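Look over the sequence and the model, then read on by topic.

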Amino acid sequence: MLPDLLGRLGRAGIGFGREAAEIGRLLYDAARNLKGMKSETVAVQMVRFGIKAIPIVTLVNMFVGMIVAVSMSELLRSLGIVSWTGKVVGVAVTRELAPLMTGLVMSGFAGAAIATEIGTMTVNEEILALEVSALSPARFLILPRMVAVIVMMMCLTVLANFVGMAGGYLVGTLLLGIGSHNYIEMNNSAIRFWDLPKGLIKAATFGAIITIVACRQGLKVTGGALGVGMATTRAVVISIVLIIAANLGFAILFNAVL
Amino acid sequence: MAAGGMAVSIENRRGAKPAAGEIVVEAADLVKRFGDRVVLDRVSLAVRRGETLVVMGGSGCGKSTLLRCLIGVYRPDGGDVRLFGKSLPAMDDVELAAVRKRIGVLFQSGALYSSLSVGENIALPLREHTDLDPAIIEVLVKMKLELVGLREAENLMPAECSGGMAKRLGLARAIALDPELLFYDEPTAGLDPIMSGIIDGLIMDLAATMNATSIVVTHDLRTAFRVADRMAVMKDGMLVAVGTPSEIRASDDPFVRRFVLGRTERVSRMFGARDAEV
């Protein structure tokens, strides 16, 4: 029983180590090619994974801001401080929810698309064709997508901050009867100087997680269309778990340091 | 030979080349395993400059694995692969990239980059591996397309190309850098006889005009006998016969006889003796 368990743990550890080494190699290859990166290729990916994600990111984050405002209002009203709704929404959105929700949306929007695209290229031997032509897939495929998703994650997180707080504002002023000036004042008082940079650091990390997981899953596809579908599912699920875990790590770190 | 009459009707048009010149590709006791399964079992072969070697065998015999070992995609578990006199497994990334610039590979599906137009597919290795002026690259792209008879396809996207076109365009991309060594993975699989004949013609023309060394992996006997200077027959991960097309036809090995002669009879029965004279 114990030797069997140890054996399984050992194999899982070796598998994890190999995967980490492969991801490390991809990142190293991508970083090595940073100098020769073509800006027009990155721009194309920024439009695909950033500009086109604006409507969904806006919608989701506005709803999240509204949900926070509605769900907290009862408690705040019972404490006689319903005007604090703006403060609560401001804290929740800027410190946690804007980068987190944007990351989760992007893991489906960009991560799934990248894993499917690269997985299909793997099945069609396009990746192999790049490799045997001495052209690095890290340079041509991974780097432009990673830079584009990281940059756009940061931009979308800034947008998510605004629309999340706007959602809370709409609920606070229209449903809860808080005065507009009062709400904005409370909201602004909750936001600290470091909140935006912290959110951007998180957004960049989440963007890197989404891209590297999706690329890695796409590159190791086997088994045709079924394999591509499984890789896409794995990419999204692993990204979501890693983003939430990373968010927890950041929360602990930022609380301790800043 | 009982089936000799039929077999003899499939003739190699290139004629045998003298076995001389520098060895460009060499596999020595090559072993490749996937888990416990031995896919290549002590495979040894050598291909000289300008020669066309056809590797034949049934599905799952290890011929595609052999090709992937020869182009450095799979690392051998035993033995050695030498390209242009240098050991492939011993190369670092820079050396491997340098060798890969000297080779061209035609994949079974063509493997055109789906996000690039046909012209961009061919231009990519030229842009990345040479210092040529964009205007010259544009001319070279047109020349490569002309060579495969598809000059009008330059602005098409790969999704707009048929299977036969994709293979010819894949070939145009494979020869973009004028490689000394060309690998073909099932070049005629899934193509009609007319398109197969066109691809066979291209393989022979490229070998002749570029003096390229070629390794063709196929199970298509018509293609094999048409383009080969020498042939290698694989079974269960091992080479069971290597020789000129005439030597392979005359082989006493039961598997080779069944594989080559049996299939030849079938081809002849299906298409008639005149069609079999490819």
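## An exposed leucine

A:Leu2 is exposed, at a relative accessible area of 56%. Here buried means under 20% relative accessible area, exposed over 50%, and partly exposed in between (1.4 Å probe, protein chains only). This is a predicted model, in which local features need pLDDT of at least 70 and side-chain atom pairs count only at pLDDT 80 or more, while totals for chains, interfaces and linings use all residues. Residues are numbered from 1 along each chain as its sequence is written, chains are lettered from A and ligands numbered from 1 in the order in which they are written, and side-chain values use heavy atoms, with hydrogens and water left out.

**Surface patch, chain A**

- A:Leu2 belongs to helix 1 of chain A, residues 2-32. Helices (H or I, at least four residues) and strands (E, at least two) are DSSP runs, numbered from the N terminus.
- Together with A:Leu5, A:Leu6 and A:Leu9, A:Leu2 makes a nonpolar surface patch of about 420 Å².
- Patches are made of residues with over 30% relative accessible area and no salt bridge; like charges are joined within 9 Å, nonpolar side chains (Val, Leu, Ile, Met, Phe, Trp, Tyr) within 5 Å.
- Accessible areas come from the Shrake-Rupley method with a 1.4 Å probe, and for residues only the protein chains shown count as cover.

**Salt bridges**

- Over all chains, the whole structure holds 28 salt bridges. Each is a side-chain nitrogen of Lys or Arg within 4 Å of a carboxyl oxygen of Asp or Glu.
- One of them joins A:Arg216 to A:Glu19, at 2.9 Å from N to O. A:Arg216 sits in helix 8 (residues 195-219) of chain A and A:Glu19 in helix 1 of chain A, so the pair ties together parts 197 residues apart in sequence. A:Arg216 is buried, with a relative accessible area of 12%.
- A:Glu19 also bridges to A:Lys220, with the closest N and O atoms 3.3 Å apart. A:Lys220 lies in the loop between helix 8 and helix 9 (224-257) of chain A, 201 residues from A:Glu19. A:Lys220 is partly exposed, at 33% relative accessibility.
- A:Arg48 and A:Glu117 form a salt bridge of 3.0 Å, N to O. This pair links helix 2 (residues 39-49) to helix 4 (residues 85-123) of chain A, across 69 residues. A:Arg48 is partly exposed, at 26% relative accessibility.
- Salt bridges with shared partners join A:Glu19, A:Glu22, A:Arg25, A:Asp29, A:Arg32, A:Arg216 and A:Lys220 into one network.

**Four-stranded sheet, chain B**

- Strands of a sheet pair through backbone hydrogen bonds, either parallel or antiparallel. Two strands pair if DSSP finds at least two bridges between them.
- Four strands of chain B form an open, antiparallel sheet in the order 2-1-4-5. Strand 2 (37-48) and strand 5 (86-87) of chain B are at the edges, each with a single partner strand, so one side of each has no neighbour in the sheet.
- Strand 1 (residues 23-34) and strand 4 (residues 78-83) of chain B run antiparallel and are joined by five bridges. B:Ala28 has B:Asp80, in strand 4 of chain B, as its bridge partner.
- Helix 2 (residues 63-70) of chain B packs on this sheet and touches strand 1, strand 2 and strand 4 of chain B. Its direction makes about 120 degrees with that of strand 1 of chain B. Contact means heavy atoms within 4.5 Å. Axes are lines fitted to C-alpha atoms, for helices over the stretch in contact, and angles run from 0 to 180 degrees between N-to-C directions.
- B:Thr65 is in helix 2 of chain B and is buried, at 11% relative accessibility. Among the residues B:Thr65 touches are B:Phe34, B:Leu40 and B:Tyr74.

**Six-stranded sheet, chain B**

- Another open sheet of chain B has six strands in the order 6-7-8-3-9-10, with mixed pairing. Strand 6 (103-106) and strand 10 (238-243) of chain B are its edge strands, each pairing on one side only.
- Strand 3 (residues 52-57) and strand 8 (residues 213-218) of chain B run parallel, joined by five bridges. B:Met56 stands opposite B:Thr218 in strand 8 of chain B.
- B:Leu182 is in strand 7 (residues 181-185) of chain B and is buried, with a relative accessible area of 0%. B:Leu182 touches residues including B:Gly104, B:Ala174 and B:Ile215.

Technical notes:
Lists of a residue's contacts leave out its neighbours within four places in sequence.
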